[in-house]
Amino acid sequence: MIRDTYKYHFKLGNRIVHTGITNDLVSREARHRRGSGVNGHIEQVGRRTTRAAALEWERQQRELGKPTEGYTVAMTRNPNGLVLVRKTNDRSSTHPFALVWVLKCPEGHRVRANSCDAHIRRCPTCDPTARPEEP
C-alpha cells in the first residue's frame, strides 16, 4: 500500500480551524489561505499514511467534533460582496462535508451556498455565469 496521504490541521495561531487530509501539503495550505482570507498555516499530524487510513482518521475527527466541515472563521463579506445571513444545518449536495449557508448579495438576493465555497460565491441572479445555488 502506498503511503502518500498527509493528515493535517489548518491553524490560525494556535487555534485549529480545519482538520483534513491531502497528498500535497504546500498547495493545500495555499488553497486554505486563499479560501479563508486569513494567513493561517498547516501543521502536519503524524506521518504519511494510506488514503484509506487517512479517511478513517478524518471520520474519527468529525465524530470527536473537530472542525472538518469548512471554517470556523467569521465571514463578513466575500470579495464579490455577498454577506453571511445565517448558517443552516442542511447538508450540501455539492460537497460531502459542507453545510448550506444563506448569503445575501448587494442587490438583496438570497443565495444558498455550501460553507466551503461561500467565501468565493457570486450571486447567480446578478451574474448568469455564477454557479447555481444549493437546492
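Reader: Is R59 buried, partly exposed or exposed?
Author: R59 is partly exposed, at a relative accessible area of 30%. Buried means under 20% relative accessible area, exposed over 50%, and partly exposed in between (1.4 Å probe, protein chains only).

Reader: What kind of model is this, and what are the ground rules?
Author: This is a predicted model: local features need pLDDT of at least 70, side-chain atom pairs count only at pLDDT 80 or more, and totals for chains, interfaces and linings use all residues. Residues are numbered from 1 along each chain as its sequence is written, and side-chain values use heavy atoms, with hydrogens and water left out.

Reader: Back to R59. Which residue does R59 meet in a salt bridge at 2.2 Å?
Author: E63. The N to O distance between the two side chains is 2.2 Å. A salt bridge here is a side-chain nitrogen of Lys or Arg within 4 Å of a carboxyl oxygen of Asp or Glu.

Reader: How are E63 and R59 placed in helix α2?
Author: They are four residues apart in α2 (residues 51-63), so about one helical turn separates them. Helices (H or I, at least four residues) and strands (E, at least two) are DSSP runs, numbered from the N terminus.

Reader: E63: buried or exposed?
Author: Exposed, at 60% relative accessibility.

Reader: Which residues make up the salt-bridge network there?
Author: E56, R59 and E63 are linked in a network of salt bridges.

Reader: How many salt bridges in the whole structure?
Author: The search finds seven.

Reader: What does D117 pair with?
Author: D117 forms a salt bridge with R131, with the closest N and O atoms 2.7 Å apart. The pair links distant parts of the chain: D117 and R131 are each in the segment after β6, 14 residues apart. D117 counts as buried, at 8% relative accessibility. R131 counts as partly exposed, at 42%.

Reader: And D127, what does its side chain meet?
Author: R122, in a salt bridge of 3.0 Å, N to O. D127 is partly exposed, with a relative accessible area of 21%. R122 also counts as partly exposed, at 33%.

Reader: Now the fold. What order do the elements run in?
Author: From the N terminus, β-β-α-β-α-β-β-β. That comes to two helices and six strands.

Reader: Which strands form the open sheet?
Author: Three of them, in the order β4-β5-β6, with antiparallel pairing. The edge strands are β4 (83-91) and β6 (110-114), each pairing on one side only. Neighbouring strands are turned by 25 degrees against each other on average, direction ignored. Axes are lines fitted to C-alpha atoms, for helices over the stretch in contact, and angles run from 0 to 180 degrees between N-to-C directions.

Reader: How many bridges join β5 to β6?
Author: Five, with β5 covering residues 99-104. Two strands pair if DSSP finds at least two bridges between them. K104 has R110 as its bridge partner in β6. V102 stands opposite R112 in β6.

Reader: What about G108 in that hairpin?
Author: G108 takes a positive phi near 95 degrees. The hairpin of β5 and β6 has five residues between the strands.

Reader: Last residue. Where does K11 lie?
Author: In strand β1 (residues 5-12). K11 counts as buried, at 11% relative accessibility.

Reader: What is K11 in contact with?
Author: Leaving aside neighbours within four places in sequence, K11 is in contact with I16, V17, G40, H41 and E43. Contact means heavy atoms within 4.5 Å. The K11 side chain also makes a polar contact with the side chain of E43, at 3.4 Å. A polar contact is a pair of N or O atoms within 3.5 Å; within protein, one must be able to donate a hydrogen and the other to accept it, and residues adjacent in sequence count only if both atoms are side-chain atoms.

Reader: And the whole chain, what share is buried?
Author: Of its 135 residues, 43% count as buried. The C-alpha trace spans about 50 × 30 × 25 Å along its principal axes.
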